[in-house]
Amino acid sequence: TMTEDEILALRYRPCVGMMICNRYGGVFAGQRLDGYGDAWQMPQGGVEKGEEPQTAALRELEEETGIPAHAVTVAAETSDWIPYDLPHHIVPKLWKGRYRGQKQKWFLMRFDGDDALININTKEPEFGAWAWLPPEKLLQLIVPFKRDTYERVIREFQVKIS
């Protein structure tokens with residue numbers, strides 16, 4: 001186990017998040033496979049060393065959803081990195097206990113393709129199901145420790161969603 005001071009001394013893992021909107025105002029959400037109960041979330045993933053955040057976002061998009069980069073238009077990105085802390089009991093179990101949480105650069109993407117392009121049965125699946133959800137519904141389904149982040153992302157992108 002780790003002490004609270006040890007956890008608070010850790011850094012944040014650099015990460016990207018993708019808010020993918022379809023032409024009807026729905027936001028892509030996937031139901032996690034890794035045992036957080038009935039948790040749904042938008043796709044996200046780590047930034048590799050030397051990788052630009054937008055490049056990471058487009059790579060993670062395809063890795064997690066099967067959606068190729070040519071099927072989206074990047075419409076906006078958050079003005080800053082948005083950090084969140086993991087619940088302390090999770091820290092030692094994830095990423096070998098090296099991070100206290102993640103700092104995320106979020107990208108708003110307009111999905112220009114057909115739903116047939118979406119394939120969550122990827123090489124390393126993260127989601128067991130997916131849906132287009134209204135932003136308000138997504139806020140109800142996200143794990144509580146990410147809710148503030150999601151509220152901030154949705155608020156920052158709100159004017160650009162519709």
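1. Start with Pro134. In this predicted model, Pro134 is found in the loop between strand 8 (127–133) and helix 3 (135–141). Is Pro134 buried, exposed or partly exposed? Its relative accessibility is 39%, so Pro134 counts as partly exposed. For a distance across the chain, take Val153. Pro134 and Val153 are 19 residues apart along the chain. Their C-alpha atoms are separated by 14 Å.

2. Next, strand 6, residues 82–85. In a regular strand the side chains alternate between the two faces of the sheet. Which residues of strand 6 make up the covered face? They are Ile82 and Tyr84. Pro83 and Asp85 make up the uncovered face.

3. Strand 6 has a partner. Strand 7 (residues 99–111) runs antiparallel to strand 6, and four bridges join the two. Within strand 7, Gln102 is the bridge partner of Tyr84.

4. Now the aromatic rings. A pair of aromatic rings is described by the distance of the centres and the angle of the planes. How many aromatic pairs does the model hold? The count comes to eight. One of them is Phe28 with Trp130, whose ring centres are 5.5 Å apart. Their planes meet at 15°, which is under the 30 degrees limit, so this pair is stacked. The pair links distant parts of the chain.

5. Phe28 has a relative accessible area of 0%, so Phe28 is buried. Trp130 has 27%, so Trp130 is partly exposed.

6. Tyr84 returns here, paired with Phe145. What are the ring distance and plane angle for Tyr84 and Phe145? The centres lie 5.9 Å apart and the planes stand at 40°. Tyr84 lies in strand 6, while Phe145 lies in the loop between helix 3 and helix 4 (147–161). The pair therefore ties together parts that are 61 residues apart in sequence. Tyr84 has a relative accessible area of 5%; that is under 20%, so Tyr84 is buried.

7. Some rings group together. Which residues form one aromatic cluster? They are Phe28, Phe111, Phe127, Trp130 and Trp132. Phe28 and Trp130 are the stacked pair from point 4.

8. Last, a charge over a ring. Lys103 lies over the face of Trp81. The distance from the ring centre is 5.3 Å.

How values were computed
Residues numbered from 1 in each chain as written. Predicted model: local features only at pLDDT ≥ 70, side-chain atom pairs only at ≥ 80, totals over all residues. Heavy atoms only, no water. Buried < 20%, exposed > 50% of the residue type's maximum accessible area, 1.4 Å probe, protein only. Pairing = 2+ DSSP bridges. Phe/Tyr/Trp six-rings, centres within 6.5 Å; stacked < 30°, edge-to-face > 60°. Lys NZ or Arg CZ within 6 Å of the ring centre and 35° of its normal.
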